Amino acid sequence: MMPVFEITKQATFDAAHHFPNEPEGSIYRRLHGHSFTVAATVRAEVLDDAHGWVADLGALERDLKAAAETLDHGLLNDHPGLELPSLERLCLWFANRLRGDWPGLCRIEVARPTIHERCVLSL
């Protein structure tokens, strides 16, 4: 059996959002904010011969942080694909940002740790 390796990096961001399709008076319709964490996992069965690793963790961290900084201290609804900014759509947004440069990307997790909520997208 061939071993499978996974590496993960995490970043944080703070952002506001609302759900404009919710009924008037809904708490979800009102503008509110959260602190978020996002984690990206890259998988490989074969290690890079030159380094003995799956991929460069520093490069993964830079790319993940750059994506998170795009959303940091802003309104999620203003970003294409996040007009309805659920955790699920945030997972898709991060996957779309990272997938091209990280072909081994296999998992995105977005969480709101202060309210004990998270979503995992398996790719």
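Predicted model: local features only at pLDDT ≥ 70, side-chain atom pairs only at ≥ 80, totals over all residues.
The largest pocket was examined first. Its volume is about 250 Å³. The lining of this pocket comprises 14 residues. Those nearest the pocket centre are Tyr28, His32, His34, Arg112 and Glu117. Two elements each give two or more residues to the lining: strand S2 (32-44) and helix H2 (87-98). By class, six lining residues are nonpolar, four are polar and four are charged.

The cysteines were considered next. A disulfide is a covalent bond between the sulfur atoms of two cysteines. The count for this model is zero disulfides. For cysteine 91, the closest cysteine sulfur belongs to cysteine 119, at 3.9 Å. That distance is too far for a bond, because a disulfide requires the two sulfur atoms to lie within 2.5 Å. Cysteine 91 has a relative accessibility of 1% and therefore counts as buried. Cysteine 106 is likewise in no disulfide. The cysteine sulfur nearest to that of cysteine 106 is in cysteine 91, 13 Å away. Cysteine 106 has a relative accessible area of 9% and is buried, since the cut-off for burial is under 20%.

Histidine 79 sits in the loop between strand S3 (74-75) and H2. Its relative accessibility is 17%, so histidine 79 also counts as buried. With neighbours within four places in sequence left aside, histidine 79 is in contact with Thr70, Leu71 and Trp93.

Key:
Residues numbered from 1 in each chain as written. Heavy atoms only, no water. 1 Å grid on protein atoms, 1.4 Å probe; cavity = no way out; pocket = protein on both sides within 12 Å on 5 of 7 lines; lining within 4 Å. Points joined across faces, edges and corners; volume = space filled by probe spheres on them. Helix = DSSP H or I, 4+ residues; strand = E, 2+ residues; numbered from the N terminus. Nonpolar A, V, L, I, M, F, W, Y, C, P; charged D, E, K, R; others polar. Buried < 20%, exposed > 50% of the residue type's maximum accessible area, 1.4 Å probe, protein only. Contact = heavy atoms within 4.5 Å.
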